[in-house]
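Hi,

Here is the model I promised to pass on.

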Amino acid sequence: MSQLDEELVFAIKYHRAPQQGVPAGSGSSYLCNMAPGDTVDALGPFEEFYVDQDTKAPIVVIGAGSGMAPLRGIIKELLLANNSKQEIHFYFGARHEEDLLYQEEFFALSQRFDNFRFTPVLSQAGPDWLGATGYAQQVLFNNMNKEALLAAHYYMCGPKAMMDETIATLVNMGVDKNVIHFDSFNSA
């Protein structure tokens with residue numbers, strides 16, 4: 001829990017059973033079936049996915065789906081706790097507009113902080129969507145030039161395919177692997 005929060009907030013994506021005979025996500029099933037007032041004992045965090053406080057380089061944050069959870073913490077730490085002045089670009093992908101967690105919060109942060117840019121991206125946009133479409137990593141590569149991409153540090157969390165593609169593209173461009181940070185909840 002950061003110094004900014006007085007309570008823990010979870011972003012949980014409920015995973016139904018993908019087919020008959022295959023169990024649903026055990027953690028999301030348990031948590032989504034809790035009643036108001038139920039308590040949970042938790043340990044952690046155990047990962048080593050956090051902001052490099054020493055860098056002054058521009059930061060690019062890329063995520064999709066429930067990858068929002070750790071990325072939101074990183075952005076809040078940079079902007080609210082550390083009052084960071086470096087450029088921070090956040091590309092977040094979802095299928096539909098209702099899947100864009102914390103959209104209003106990020107637009108408010110982009111109004112409050114001149115150095116923060118939020119770009120929501122929808123892969124299955126409805127007819128009224130006026131924002132970016134496709135995949136977050138594709139929009140990133142279409143919107144930032146190579147010089148800016150080479151100068152940045154990266155933080156990402158989301159589906160394995162998105163992260164694999166993004167990391168491979170960055171490394172092929174010449175981005176140092178040491179400035180690419182990610183949290184993979186898809187594999188051990």
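What share of the 188 residues in the protein chain is buried? Buried residues make up 35% of them, where buried means under 20% relative accessible area, exposed means over 50%, and partly exposed is anything in between (1.4 Å probe, protein chains only). Before you read on: this is a predicted model, so local features need pLDDT of at least 70 and side-chain atom pairs count only at pLDDT 80 or more, while totals for chains, interfaces and linings use all residues. Residues are numbered from 1 along each chain as its sequence is written, and side-chain values use heavy atoms, with hydrogens and water left out.

**Layout**

The protein chain has 6 helices and 6 strands, taken as DSSP runs numbered from the N terminus (helices are H or I with at least four residues, strands are E with at least two). Going along the sequence, the pattern reads α-β-α-β-α-β-β-α-α-β-α-β.

**The core**

The largest nonpolar core holds 23 residues, and Ile75, Phe90, Phe106 and Phe116 touch the most other members. By nonpolar core I mean a set of buried Ala, Val, Leu, Ile, Met, Phe, Trp, Tyr and Cys residues joined through side-chain atoms within 4.5 Å. Two or more residues each come from strand S1 (59–64), helix H2 (68–81), strand S2 (88–94), helix H3 (103–112), strand S3 and strand S5 (153–157). H2 gives the most, with 6 residues.

Strand S1 is also where you'll find Ile62, which is buried at 0% relative accessibility. Ile62 sits 8.1 Å from Gly158, C-alpha to C-alpha, although 96 residues separate the two in sequence.

**Salt bridges**

How many salt bridges does a search of the whole structure find? It turns up 2, counting a side-chain nitrogen of Lys or Arg within 4 Å of a carboxyl oxygen of Asp or Glu. As a reminder, side chains of opposite charge can pair when their charged atoms come close.

- Arg72 and Glu105 meet through their side chains at 3.0 Å, N to O. Arg72 is in helix H2 and Glu105 in helix H3, so this pair ties together parts that are 33 residues apart in sequence. Arg72 counts as buried at 15% relative accessibility, whereas Glu105 is partly exposed at 25%.
- Lys160 and Asp164 form a salt bridge in which the closest N and O atoms are 2.7 Å apart. They are 4 residues apart in helix H6 (residues 160–173), which puts about one helical turn between them. Both are partly exposed, with Asp164 at 40% relative accessibility and Lys160 at 42%.

**Loops and backbone**

The loop between H2 and S2 is worth a click. Asn83 lies there and has a positive phi of about 50° although it is not a glycine; Asn83 is partly exposed, at 39% relative accessible area. Lys85 belongs to that loop between H2 and S2 too, and is exposed at 66%.

Tyr102, in the loop between S2 and H3, is another non-glycine residue with a positive phi, of about 60°. Tyr102 is partly exposed, with a relative accessible area of 24%. For context, most residues other than glycine have a negative phi.

**Surface patches**

Patches here are made of residues with over 30% relative accessible area and no salt bridge, with like charges joined within 9 Å and nonpolar side chains (Val, Leu, Ile, Met, Phe, Trp, Tyr) within 5 Å. Accessible areas come from the Shrake-Rupley method with a 1.4 Å probe, and for residues only the protein chains shown count as cover.

Which residues gather in the patch of negative charge on the surface? They are Glu97, Glu98, Asp99, Glu104 and Asp128. Asp and Glu count as negative and Lys and Arg as positive, leaving out His and the chain ends; each charge is placed at NZ of Lys, CZ of Arg, CG of Asp or CD of Glu. Asp128 is in the loop between strand S3 (116–122) and strand S4 (132–133), and is exposed at 71%.

The nonpolar patch on the surface formed by Tyr30, Leu31 and Val40 has about 270 Å² of accessible area together. Leu31 lies in helix H1 (residues 26–32) and is partly exposed at 31% relative accessibility.

Cheers
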